[in-house]
Amino acid sequence: MHPRRYSTGQRLARALDFGEFCLHYQPVVDLRNDRIVGVEALCRWPQSGNVVGLPDAFIPQAEASGVIIALGEWVFRTATEQVHRWETQYGIRLDLAVNLSSRQFLHLQLVAAIEDALRQASLAPGRLEFEITESVAMHNAEDSIGIMRQLKHLGISLALDDFGTGYSSLSYLKRFPIDKIKIDKSFVHDIPNDANDLAIVTAIIAMAHALGLQVQAEGVETKAQADFLRDCGCELAQGFLYGRALPAADFAEAFDPHLGILRSLSA
Ligand code: C2E
Ligand code: MG
Ligand code: MG
């Protein structure tokens, strides 16, 4: 007999049922003092032989098959519960950022499901941020504004992820009820050597501030990058300089609540 063959969507749905996904948490730091103020939850799908499936490989398939709705709810519940648990067990108080993909964002039940999960996790909505990319926000921009307003009404913050890489209309940018712009790591990578990237990053920070938005840089790997961003007034950063995304247990073990850094990096 041939073993049963599953479609990718079926494999993802089964993986979710069998509890195969996990979340890693990457620190977000305040550039004024380099202290960790929050985490971004990033989904992983561990495979056999110590191989970890990264989201770029399975999120598009989860989107295409519709599994993203259930997976996204799981991510949200797991991450909010985790952050709440860190607070009650260790007194660690962190903001939480969760990524929303296109289908999740436009899902009719999104707001109701989030309200429900927020109630169960007892995490204050003010500690939560949803990240959506420019392309997701711009696709059907009028609908997006409506959904963003409902999320804001719940007290949740909104960030535009991977800013600068998607198709963005400045006239919409000023209408989106967002709180933060996240500069894509491709612009951060060649700082401070590439004059064009320096110009782009400086301009994004100035524009965001003029619009009353916070700025967070992604993919910060060197001190020189962090220094340049800080000098430009960028408020927040994440990247390997401060820590990679870690499983919950490793994060809690490495986190020093007094210094606000990951201990492995303090030596
Ligand atoms: P993102 O939201 O822009 O997440 C940042 C990505 O940059 C993460 O990749 C992170 O590991 C990586 N990164 C962080 N710091 C550095 C650095 O200093 N250098 C470099 N080179 N990379 C860095 P990851 O975890 O592979 O996630 C890729 C994308 O998958 C995410 O991009 C996000 O769009 C999506 N994603 C992850 N988790 C979820 C999820 O739960 N739901 C949804 N819908 N999408 C998710
Ligand atoms: Mg993100
Ligand atoms: Mg990003």
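**Close-up views of the ligand and metal sites**

**View 1. Residues around ligand 1.** Ligand 1 has 23 residues around it, and Q26, R44, N99, E221 and F240 come nearest (near: a heavy atom within 4 Å of the molecule). This is a predicted model, in which local features need pLDDT of at least 70, side-chain atom pairs count only at pLDDT 80 or more, and totals for chains, interfaces and linings use all residues. Residues are numbered from 1 along each chain as its sequence is written, chains are lettered from A and ligands numbered from 1 in the order written, and side-chain values use heavy atoms, with hydrogens and water left out. By class, the shell has eight nonpolar, six polar and nine charged residues (nonpolar: Ala, Val, Leu, Ile, Met, Phe, Trp, Tyr, Cys and Pro; charged: Asp, Glu, Lys and Arg; polar: the others, Gly among them).

View 2. A polar contact is a pair of N or O atoms within 3.5 Å. The side chain of R44 places an N or O atom 2.8 Å from an oxygen atom of ligand 1. A polar side-chain atom of E40 is 2.9 Å from an oxygen atom of the ligand. The backbone of S101 has a polar atom 3.4 Å from a nitrogen atom of ligand 1. Alone, ligand 1 exposes 800 Å², and the protein buries 85% of that (Shrake-Rupley areas, 1.4 Å probe).

**View 3. The pocket of ligand 1.** Ligand 1 sits in the largest pocket. A pocket is an open set of points on a 1 Å grid over the protein atoms alone, where a 1.4 Å probe fits, with protein on both sides within 12 Å along at least five of seven lines. To sit in it, more than half of a molecule's atoms must lie within 2 Å of its grid points. Strand 2 (35–46), helix 2 (55–65) and strand 6 (157–163) each give two or more residues to the shell (DSSP runs, numbered from the N terminus: helices H or I, at least four residues; strands E, at least two). Strand 2 gives the most, with four residues.

View 4. E40 (OE), N99 (OD1), E131 (OE) and D161 (OD) coordinate the magnesium ion (ligand 2) at 1.9 to 2.2 Å. Donors are N, O and S atoms within 2.8 Å of the metal (3.2 Å for Na, K and Ca); water is not among the atoms, so sites may look incomplete. D161 (OD), D162 (OD) and E218 (OE) coordinate the magnesium ion (ligand 3) at 1.8 to 2.3 Å. D162 is in strand 6 and E218 in the loop between strand 8 (214–217) and helix 11 (223–231), so this pair ties together parts 56 residues apart in sequence. D161 bridges the two ions, which lie 4.1 Å apart.

**View 5. Two backbone features.** The I191 to P192 peptide bond is cis, with omega near 5°. P192 is in the loop between helix 9 (185–188) and helix 10 (195–210). N50 has a positive phi, near 60°. N50 lies between strand 2 and strand 3 (52–53), in the loop.

Methods. A polar contact is a pair of N or O atoms within 3.5 Å; within protein, one must be able to donate a hydrogen and the other to accept it, and residues adjacent in sequence count only if both atoms are side-chain atoms. On a 1 Å grid over the protein atoms alone, a cavity is a set of points where a 1.4 Å probe fits but cannot get out, and a pocket is an open set with protein on both sides within 12 Å along at least five of seven lines; lining residues have an atom within 4 Å of a point.
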